[in-house]
Amino acid sequence: MRVLFVGAMAAALWSQQPPAAAPAKPAEELAGDDTNGYTDTPRIPGQRWRVHDVDRPRPPKVTPGAGAGLNTPPPSDAIVLFNGKDLSQWISEARGGKPQAPKWKVENGYVEIVPKTGRLVTKEKFGDCQLHVEWMIPKSAGGTGQSRGNSGVELMRRYEIQVLESNQNLTYADGGAGAIYGVWPPMVNPARPQGEWNAYDIFFQAPRFEGETLVQPAVLTLFFNGVLVQDHKAYLGTTVWRRVGTYRAHAAEEPLSLQDHNQAVRFRNIWIRRLGRSGEN
Ligand code: MG
C-alpha cells in the first residue's frame, strides 16, 4: 500500500514537471529593471498602470517631418537662456553642494553635460511658460534603458520631461523621451536617431497652491519634433523614480533646470516666454 502511495505521488509530481526546454523570452520582454519596467511599483492614481509598468505598451513610433521643430528662432518677448555661446543665464547645482559656476562644456553652438558636475539651473525663475529646447544624444553614448542619454527638462526644478535616447533604446513606456516621467508616456514616439537633434516645444502651467494646499496641478502640453505628444496632462507631483510623486507647496515662480543624470547629452537653442493667463494680467 505504502509503495503504491509513493508511486502515485511520484507519478503526480512527474506529471507536474514543466516542459524541460521552455523557449527563452526575448530580452525586451524580461521584467524588472530600468530597460523593461517593474511589477512591484505602486499604481498610478487615476490610471490602470503601475509606475514604470512592465506591461504598459510603449508608444508607437512616428517619423517626424524633416527638420521639424529645429532651429526655431525666439520671438521678441522671449528670454534667451542659451544661444550657443555662453552659460551666463545659468548656475550649476551639484547634489547637496553649493551653487557654483557651470562646468558643462560649451562648444560648436551647443552645451554638453559633463557628467556628475551637477545640473544647470537658471538664474531667473519662471511659472507658466512657453519653452523651446533642442537636445541631442551624442553618437558615442552607450548604455541601455535609463542609462542611454538620460537627462531631463525640469520645470520649476521638479516637474521633469524626460530626455533619453528613445529612437532605438528600449525602456518602460513612462520613461522614454517626451514622457512625464513615471506618469504619462508620450502619445507617440517621434524621437530622431542618436546623433541627430530633437526639439521640445513646451507649454507649461505651474501648479497653484493656497497655503500648503494644492488647488491646481502642474499641467503640460508638449510638441516633440513638431508632433503633439502630451495634451494638457497633469503632473501628480515632483518627479520621482519608482514611486508616485507628491506636491509640496512652492513659490509661483521657480528656476528651470536641466538634469545631470551622469550621461553626456547636448542642448542648444533654449528660450522661454513667461505666459499670462487670460484675465490675470
Ligand atoms: Mg531624466
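A residue counts as buried when its relative accessible area is under 20%. By that cut-off, 47% of the 281 residues in this protein are buried. The model is predicted. The protein has 15 strands and 1 helix, and a magnesium ion has five kinds of protein donor atom listed below, from Asn150 to Gln259.

**Overall build**
- The accessible surface of the protein comes to about 14,200 Å², and carbon and sulfur atoms account for 54% of that surface.
- Taking contacts between residues at least 6 apart in sequence, 69% join residues at least 24 apart.

- In soluble globular proteins, nonpolar side chains tend to be buried together.
- The largest nonpolar core here holds 48 residues, and within this core Leu131 and Leu155 touch the most other members.
- Strand β6, residues 129–136, supplies the largest share of this core, with 4 residues.
- Leaving aside residues up to four places away in sequence, Leu155 touches Leu131 as well as Cys129, Ile161, Ile202, Phe204, Leu220, Tyr235 and Leu256.

- Along the sequence, the donor residues follow the spacing N-S-x8-E-x1-Q-x96-Q.
- Asn150 sits in the loop between β6 and β7 (151–155), whereas Gln162 belongs to strand β8 (residues 159–163).
- Asn150 and Gln162 are 12 residues apart, and the pair links distant parts of the chain.
- Both Asn150 and Gln162 are buried, which means that each has a relative accessible area under 20%.

- Strands of a sheet pair through backbone hydrogen bonds, either parallel or antiparallel.
- An open sheet of 5 strands is present, with antiparallel pairing and the strand order β2-β5-β14-β7-β8.
- Strands β2 (90–93) and β8 are the edge strands, each pairing on one side only.
- From one strand to the next, the twist averages 25°.
- Within this order, β5 is listed next to β14; strand β5 (residues 119–126) and strand β14 (residues 254–258) run antiparallel and are joined by 4 bridges.
- Phe126 has Glu254 in β14 as its bridge partner.

Terms used. Residues are numbered from 1 along each chain as its sequence is written. This is a predicted model: local features need pLDDT of at least 70, side-chain atom pairs count only at pLDDT 80 or more; totals for chains, interfaces and linings use all residues. Side-chain values use heavy atoms; hydrogens and water are left out. Helices (H or I, at least four residues) and strands (E, at least two) are DSSP runs, numbered from the N terminus. Buried means under 20% relative accessible area, exposed over 50%, partly exposed in between (1.4 Å probe, protein chains only). Contact means heavy atoms within 4.5 Å. Accessible areas come from the Shrake-Rupley method with a 1.4 Å probe; for residues, only the protein chains shown count as cover. A nonpolar core is a set of buried Ala, Val, Leu, Ile, Met, Phe, Trp, Tyr and Cys residues joined through side-chain atoms within 4.5 Å. Donors are N, O and S atoms within 2.8 Å of the metal (3.2 Å for Na, K and Ca); water is not among the atoms, so sites may look incomplete. Two strands pair if DSSP finds at least two bridges between them. Axes are lines fitted to C-alpha atoms, for helices over the stretch in contact, and angles run from 0 to 180 degrees between N-to-C directions.
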